[in-house]
Amino acid sequence: MRVLGIESSCDETGIALYDSEKGLLAHALYSQIALHAEYGGVVPELASRDHIRKTLPLINEVLNTAKLNRTDIDAVAYTAGPGLVGALLVGAAIGRSFAWALDIPALAINHMEGHLLSPLLEENPPCFPFVSLLVSGGHTLLVDVQGVGQYQLLGESIDDAVGEAFDKTAKMLGLGYPGGPILAALAEKGTPNKYDFPRPMTNRPGLDFSFSGLKTFAMNTWKASNQSDQDQADIALAFQTAAVETLAIKCKRALKETGHKTLVIAGGVSANKALRARLDAMSQINVYYPRLEFCGDNGAMIAFAGAMRHSAMVKQDKPTFSARPRWPLDELGVP
Ligand code: KG4
Ligand code: ZN
């Protein structure tokens with residue numbers, strides 16, 4: 001069966017076609033970075049309007065690439081939450097209308113489940129059970145994954161998500177938007193061990209995270225420095241090292257607690273090279289990631305999650321829908 005995936009939860013319009021027998025047929029992504037850059041962050045209303053402009057052209061582009069027609073689609077999967085409500089409603093409205101017009105099922109997909117399952121799109125996918133570390137702009141989650149829909153939350157951030165802390169620290173250092181990848185690139189020019197930043201919440205038991213203090217620590221260090229280019233790079237490196245080390249300590253703890261030997265990382269921050277290097281260096285553990293282009297938001301992960309859930313789907317005959325700006329993973333259930 002062929003599933004059309006629509007992702008529109010934040011500042012990227014992602015469309016993909018996934019075939020349960022042939023794999024990913026085509027995908028396309030439009031990033032709104034240029035649109036939001038002058039405001040230094042995502043402007044929700046502008047994001048919604050841009051999703052309206054881009055979704056249908058991208059669906060056509062993906063169908064053309066796959067050399068298929070609309071009638072070749074068997075189901076539509078769209079991101080129903082969590083995310084910006086206006087942006088979500090665009091994907092939901094288009095996805096549901098599309099499905100209704102074609103008389104095929106529409107599947108409301110959880111964005112974080114999309115990220116969580118995205119490494120399964122790779123050639124050498126991880127086997128269940130595993131521990132998943134989901135690191136994005138809105139979430140930092142450690143999840144015990146027994147199978148599709150069988151998710152037990154082990155820990156989460158009690159304040160800023162790690163991606164958000166990267167972005168806010170980058171903004172405070174005067175770097176551009178989106179801050180995470182810019183800060184990571186600058187960190188490569190930093191002097192190792194120039195500063196020693198704290199590893200928040202690692203010296204007490206538990207699997208929750210807190211990144212807001214780390215961001216403040218970076219800000220105070222910056223204010224007390226000469227604010228030279230080298231200071232900027234040194235602080236970027238110290239922040240990244242502390243964030244990565246904190247994530248690694250908690251992953252190790254989660255693996256020990258669950259007894260799992262497989263760690264799966266996904267979400268925007270899973271593109272971070274230092275994080276990958278640190279986790280790859282952990283002994284006796286197999287670590288899996290999505291390919292770089294699927295670390296951030298994309299339509300492929302939504303189409304794939306839709307295909308995974310489709311078999312248990314009951315066809316909806318009502319053209320009504322809702323979006324869920326907040327939607328915890330452990331409320332999903334087995335498909
Ligand atoms: O998963 P994602 O694309 O969107 C959300 O669902 O939030 O994640 C975006 C987050 C942003 O905070 C961005 O700065 C961060 O991922 N990010 C990175 C890197 N690439 C993206 N953070 C650190 N290092 C990177 N290389
Ligand atoms: Zn995301």
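Let's start at a loop. Pro178 sits in the loop between α5 and α6. Helices here are DSSP runs of H or I with at least four residues, strands are runs of E with at least two, and both are numbered from the N terminus. The peptide bond from Tyr177 to Pro178 is cis, with omega near -5 degrees.

A word on what you are looking at. This is a predicted model, where local features need pLDDT of at least 70 and side-chain atom pairs count only at pLDDT 80 or more, while totals for chains, interfaces and linings use all residues. Residues are numbered from 1 along each chain as its sequence is written, chains are lettered from A and ligands numbered from 1 in the order in which they are written, and side-chain values use heavy atoms, with hydrogens and water left out.

Back to the cis bonds. Phe128 and Pro129 are also joined by a cis peptide bond, with omega about -5 degrees. Pro129 belongs to the loop between α4 and β6.

That takes us to β6. This strand covers residues 130-135, and six of its six residues are buried. Buried means under 20% relative accessible area, exposed means over 50%, and partly exposed is in between, using a 1.4 Å probe and protein chains only. Which way do the side chains point? Phe130, Ser132 and Leu134 point one way from β6. Val131, Leu133 and Val135 point the other way.

Now the partners of β6. Two strands pair if DSSP finds at least two bridges between them. Strand β7, residues 140-147, runs antiparallel to β6, with six bridges joining them. Four residues make the hairpin link from β6 to β7. Take one bridge as an example: Phe130 has Val145 as its partner in β7. Strand β9, residues 262-266, pairs with β6 in the parallel sense, over four bridges. There, Val131 stands opposite Leu263.

On to ligand 1. Which residues come nearest to ligand 1? Of the 18 residues around it, they are His115, Gly137, Asp167, Gly268 and Asn272. Being near means that a heavy atom of the residue lies within 4 Å. The shell holds five nonpolar, 11 polar and two charged residues. In that count, Ala, Val, Leu, Ile, Met, Phe, Trp, Tyr, Cys and Pro are nonpolar, Asp, Glu, Lys and Arg are charged, and the others, Gly among them, are polar. Three helices each supply at least two residues of the shell: α4 (111-117), α5 (162-172) and α6 (179-187).

Look at the polar contacts. A polar contact is a pair of N or O atoms within 3.5 Å; within protein, one must be able to donate a hydrogen and the other to accept it, and residues adjacent in sequence count only if both atoms are side-chain atoms. Gly137 has a backbone N or O atom 2.8 Å from an oxygen atom of ligand 1. For Gly180, a backbone N or O atom lies 3.2 Å from an oxygen atom of the ligand. Asn272 places a polar side-chain atom 2.9 Å from a nitrogen atom of ligand 1. Taken alone, ligand 1 exposes 550 Å², and the protein buries 84% of that. Those areas come from the Shrake-Rupley method with a 1.4 Å probe; for residues, only the protein chains shown count as cover.

Next, two buried residues. Asp234 lies in helix α8, residues 229-258. Why does Asp234 count as buried? Because its relative accessibility is 2%. Its side chain reaches the backbone nitrogen of Thr191 at 2.7 Å. Asp234 touches Gly190, Thr191, Lys194 and Tyr195, not counting residues up to four places away in sequence. Contact here means heavy atoms within 4.5 Å.

Gly155 is in strand β8, residues 150-156. Gly155 also counts as buried, at 2% relative accessibility. Neighbours within four places in sequence aside, Gly155 is in contact with Thr140, Leu141, Leu142, Leu207 and Asp208. Gly91 is 64 residues from Gly155 in sequence, and 29 Å away in space, C-alpha to C-alpha.

Last stop: positive phi. Lys67 is not a glycine, yet its phi is positive, about 55 degrees. Lys67 sits in the loop between α2 (44-66) and β4 (75-81). Is Lys67 buried or exposed? Exposed, with a relative accessible area of 74%. Gln284 is not a glycine either, and has a positive phi of about 60 degrees. The loop between α9 (273-280) and β10 (286-288) holds Gln284. Gln284 is exposed, at 72% relative accessible area.
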